[in-house]
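Here is a short report on one protein model. Have the sequence and the 3D view open as you read.

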Amino acid sequence: MLRPVTTGSPRRRHTHRRPRSRTARIVLALVAAAAVLAVAALIVPMLLPPGPRPPFQLPVACGETWQLGTYPGHDDYDVDLFPIEGEAWGRPVLASASGTVTVAGINGSLGGRTPENPEGPRGRGGGYWVKIDHGGRWETQYLHLLEPPMVREGQRVVQGEQIGRLGSTGNSGAPHLHFEQRRGWEKVETWFDGSPSGITHDDREYTLRRTSNNCG
Ligand SMILES: [Zn+2]
């Protein structure tokens with residue numbers, strides 16, 4: 001006759017468990033409390049309502065007039081900036097408002113479009129780019145810079161400070177600055193010098209002109 005084979009009784013396993021010491025319980029409780037606080041510190045600021053709009057200015061040199069535009073498929077509220085006079089390559093790109101740099105690096109891939117080889121291979125994404133946190137859950141983004149940004153992550157910048165030079169890295173057809181303003185989780189219409197830009201939906205191709213009052 002075969003008998004069922006047992007592989008150790010539950011009762012015996014229980015004899016190996018010892019109650020946790022008081023110290024271990026306190027340490028566990030402290031670790032759990034610290035974890036809850038850490039998560040709260042990350043999440044609570046994201047749930048707070050955004051603060052007032054910072055006094056954004058056009059992210060290019062004081063007094064210059066630039067063309068702002070968009071086109072189908074670009075994405076609502078995204079703005080492409082081209083100078084209406086002079087060479088676009090290498091033009092200073094300025095902080096739209098004061099803040100702290102949160103990203104200064106490469107988005108996607110750079111490609112090979114340079115002043116010497118403007119029809120070089122296209123990259124992907126934003127190329128050399130910068131993100132600035134302006135507080136109150138407001139953020140700006142600057143894409144397709146020519147060279148590694150002139151700022152580093154964590155650096156404090158003031159309005160009008162140069163953060164890079166205009167280029168055509170990433171997925172860019174011609175040298176220009178792709179610029180966005182974000183409030184909380186969402187992109188919003190860009191505002192400059194106290195008024196909305198008028199670049200809203202990307203349902204059609206259109207442009208307009210603005211003169212920079214980013215004058216320090
Ligand atoms: Zn763009």
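Predicted model: local features only at pLDDT ≥ 70, side-chain atom pairs only at ≥ 80, totals over all residues.

Residues are numbered from 1 along each chain as its sequence is written, and side-chain values use heavy atoms, with hydrogens and water left out.

## The zinc site

Which residues hold the zinc ion? Its protein donors are H74 (NE2), D80 (OD) and H178 (ND1), at 2.0 to 2.1 Å. Donors here are N, O and S atoms within 2.8 Å of the metal (3.2 Å for Na, K and Ca); water is not among the atoms, so sites may look incomplete. Along the sequence, the donor residues follow the spacing H-x5-D-x97-H. H74 sits in the loop between β1 (65-70) and β2 (79-83), and H178 in strand β9 (residues 177-183), so this pair ties together parts that are 104 residues apart in sequence. Helices (H or I, at least four residues) and strands (E, at least two) are DSSP runs, numbered from the N terminus.

Are the two histidines buried or exposed? H74 counts as buried because its relative accessibility is 9%. H178 is buried too, at 7%. The cut-offs are under 20% relative accessible area for buried, over 50% for exposed, and partly exposed in between (1.4 Å probe, protein chains only).

D202 belongs to the loop between β12 (195-196) and β13 (206-211). D202 is buried yet has no salt bridge. The nearest side chain of opposite charge is K187, 8.4 Å away. For charge, Lys and Arg count as positive and Asp and Glu as negative; His and the chain ends are not counted.

What does the D202 side chain approach instead? A polar atom of this side chain lies 3.2 Å from the backbone nitrogen of H74. Another backbone nitrogen, that of D75, lies 2.8 Å from a polar atom of the D202 side chain. H74 is also a zinc donor.

## Salt bridges

Side chains of opposite charge can pair when their charged atoms come close. A salt bridge here is a side-chain nitrogen of Lys or Arg within 4 Å of a carboxyl oxygen of Asp or Glu. The structure holds eight of them. The table gives some, including two made by K187.

| Pair | N to O distance |
|---|---|
| D75 and K187 | 2.6 Å |
| K187 and E180 | 3.7 Å |
| R183 and E186 | 2.8 Å |

The D75 and K187 side chains meet at 2.6 Å. This pair links distant parts of the chain: D75 is in the loop between β1 and β2, K187 is in strand β10 (residues 186-188), and they are 112 residues apart. D75 is partly exposed, with a relative accessible area of 36%. K187 and E180 are both buried.

R183 and E186 pair at 2.8 Å. Salt bridges that share partners join D75, D78, E180, R182 and K187 into one network. R183 is partly exposed at 27% relative accessible area. E186 is partly exposed as well, at 40%.

## Backbone and strand details

Which residues have a positive phi without being glycine? R137 is one of them, at about 70 degrees. R137 lies in the loop between β5 (124-135) and β6 (138-145), and is partly exposed at 22%. D193 is another, with phi near 50 degrees. D193 lies in the loop between β11 (191-192) and β12, and counts as partly exposed at 40%. H134 is buried, with a relative accessible area of 13%. Its side chain makes a polar contact with the side chain of T140 at 2.7 Å. A polar contact is a pair of N or O atoms within 3.5 Å; within protein, one must be able to donate a hydrogen and the other to accept it, and residues adjacent in sequence count only if both atoms are side-chain atoms.

## A nonpolar surface patch

V39, L42, I43, M46, L47 and W185 make a nonpolar surface patch of about 670 Å². Patches are made of residues with over 30% relative accessible area and no salt bridge; like charges are joined within 9 Å, and nonpolar side chains (Val, Leu, Ile, Met, Phe, Trp, Tyr) within 5 Å. Accessible areas come from the Shrake-Rupley method with a 1.4 Å probe, and for residues only the protein chains shown count as cover. L42 is found in helix α2 (residues 22-47). L42 counts as exposed because its relative accessibility is 59%.
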